[in-house]
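Here is my note on the model, point by point. Please keep the structure open while you read.

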Amino acid sequence: MSTETQNIIIQKIAKSKISEVDFSNLAFGSVFTDHMYVCDFKDGEWQTPTIKPYGPISIDPSAKVFHYGQAVFEGMKAYKAEDDSIWMFRPEENQKRINFSANRLQMPSFPKEMFFDGLETLLKLDRDWIQKGEGNSMYIRPFVIATESGVSASPSKEYKFMFILSPAQSYFKGGGSDVKVLFADKYSRSANGGVGAAKAAGNYAGQFYPTHLAQEQGYQQVVWTDANTHEFLEEAGVMNVFFRVGDTLLTAPTSDRILDGITRKSIIQVAQDMGISVEVRNVRVSEIVDAAKNGTLLEMFGAGTAAVINPIAGFGCKGEDYTLPKLENSYAMLLRKRITDIQTNKAEDKHGWRYKV
Ligand code: COI
């Protein structure tokens, strides 16, 4: 059956797949809900979007996304509170950032009103898939791909904007308590004037090989350093990074090399609200190694939508391994609780970050 609401054509699935899903054991990003949202751009404008059963899409093999990687994406989450209300966290930030990323790759912006209409309609349709309770969320993956056929190296004139939804628990296998990272000293993620600040698909593909090498040595993620000198710590593969030296939290400033993470900036604000001293400044590899050696490096943690706030158990740098202490009341856990309480409507939202669906 097909209906049209708010200028969206809705084709509902005949029978939900929800009963086939084991919600107690979800590998991140592996299960998708019944429906997806698709909106095509052609003849210079976005067409009427469709919400349809989740499934394969058909694209010409010469489409530019396959040859030149003209693709951007976002990561967002929705949460179900105890009273069954559904909330998103700072979704306007993702909406702005996907257009920032798209424009950096010479792709058209997607209108704000269509973004929210589409996403809210999809979330309401698949709301039974959003699980309540600690650690559960609905991971939302908005993305845009270049679909025009033809292999000339030029921007596409046609695109697909899509939302797909994936019920999520922990990003890292086993809950993420033993994540170790390797500081990069050879490969780089991004350079001045490049696309590092955009959520361009290729930024992630470029990390797969160095991350694979790091994984062979027992590390889960690489912490990227500046491409010029490898002396300053920037961000990890799927998260921004924070360092606690003594009682102070350190994190790198954003730049055209570093993603302006929404969890990152929320942590900076919440930490300051809690009276924690935060320094946003260039963080030297050598100061973190020295702090690990003299015992003042108390914590490291990663922060991102998918990873939430994930403590880092240790790091490798220039052939040496460093283990971090296990703290009872770590900043990572205090901040994680405060942020997830705001996200799930359990704590006061004094900055107006929650968005009711
Ligand atoms: C997110 O945290 O949402 C991200 O986009 C990282 C992703 C590559 C898993």
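1. Start with Asp-84. The scale runs as follows: buried means 20 or more other C-beta atoms within 10 Å of the residue's own, exposed means 12 or fewer, and partly exposed is in between, with C-beta atoms placed from the backbone. Asp-84 sits in the loop between β7 and β8. Its phi is positive, about 75°, although Asp-84 is not a glycine. Most residues other than glycine have a negative phi.

2. A word on the basis. This is a predicted model, in which local features need pLDDT of at least 70, side-chain atom pairs count only at pLDDT 80 or more, and totals for chains, interfaces and linings use all residues. Residues are numbered from 1 along each chain as its sequence is written. Helices (H or I, at least four residues) and strands (E, at least two) are DSSP runs, numbered from the N terminus.

3. Lys-318 also has a positive phi without being glycine, near 45°. Lys-318 lies in the loop between β20 (314–317) and β21. With 9 C-beta neighbours inside 10 Å, Lys-318 counts as exposed.

4. Asp-321 is in strand β21 (residues 320–323). Is Asp-321 buried, exposed or partly exposed? It has 14 C-beta neighbours inside 10 Å, so Asp-321 counts as partly exposed. Leaving aside neighbours within four places in sequence, Asp-321 is in contact with Gly-314 and Gly-316. Contact here means C-beta atoms, placed from the backbone, within 7 Å. From Asp-321 to Arg-97 there are 224 residues in sequence and 36 Å in space, C-alpha to C-alpha.

5. Now the domains. The assignment gives domain 1 (9–169) and domain 2 (180–344); such bounds come from an automatic or database domain assignment. The C-alpha centres of domain 1 and domain 2 are 27 Å apart. Domain 1 puts 22 residues into the contact, and domain 2 puts in 12. On the domain 1 side, β6 (71–73), β7 (76–80), β8 (86–89) and α2 (91–104) each supply at least two residues. The largest share of that side, six residues, comes from α2. By class, the side of domain 1 that touches domain 2 has 12 nonpolar, four polar and six charged residues. Ala, Val, Leu, Ile, Met, Phe, Trp, Tyr, Cys and Pro count as nonpolar, Asp, Glu, Lys and Arg as charged, and the others, Gly among them, as polar.

6. α2 deserves a look of its own. Its 14 residues reach 20 Å from first C-alpha to last, close to the 20 Å expected at 1.5 Å a residue. The expected span is 1.5 Å times one less than the number of residues. Buried residues of α2 include Pro-91, Arg-97, Ile-98 and Ala-102. Gln-106 follows α2 and has a positive phi, near 60°.

7. Which residues have the most contacts inside the largest nonpolar core? They are Val-72, Val-144, Val-181, Val-223, Phe-242, Phe-243 and Ile-267, in a core of 88 residues. A nonpolar core is a set of buried Ala, Val, Leu, Ile, Met, Phe, Trp, Tyr and Cys residues joined through C-beta atoms within 7 Å. Strand β9 (residues 137–146) gives the largest share of this core, six residues. Domain 1 (9–169) and domain 2 (180–344) both give residues to this core, so the core lies between them. Leaving aside neighbours within four places in sequence, Val-144 is in contact with residues including Ala-71, Val-72, Ala-102 and Phe-161.

8. Ile-130 lies in the loop between α3 (112–125) and β9. With 21 C-beta neighbours inside 10 Å, Ile-130 counts as buried. Beyond four places in sequence, its contacts are Ala-78, Lys-80, Ile-86 and Met-138.

9. Last, α7 (residues 331–343). Its 13 residues should span 18 Å at 1.5 Å a residue, and the end C-alpha atoms are 18 Å apart, which agrees. Tyr-331, Ala-332, Leu-335, Arg-336, Ile-339, Ile-342 and Gln-343 are buried in α7. They cover an arc of only 130° around the axis, so they are on the same side of α7. The arc is that of the directions from the helix axis to the C-beta atoms.

Conventions: Contact = placed C-beta atoms within 7 Å.
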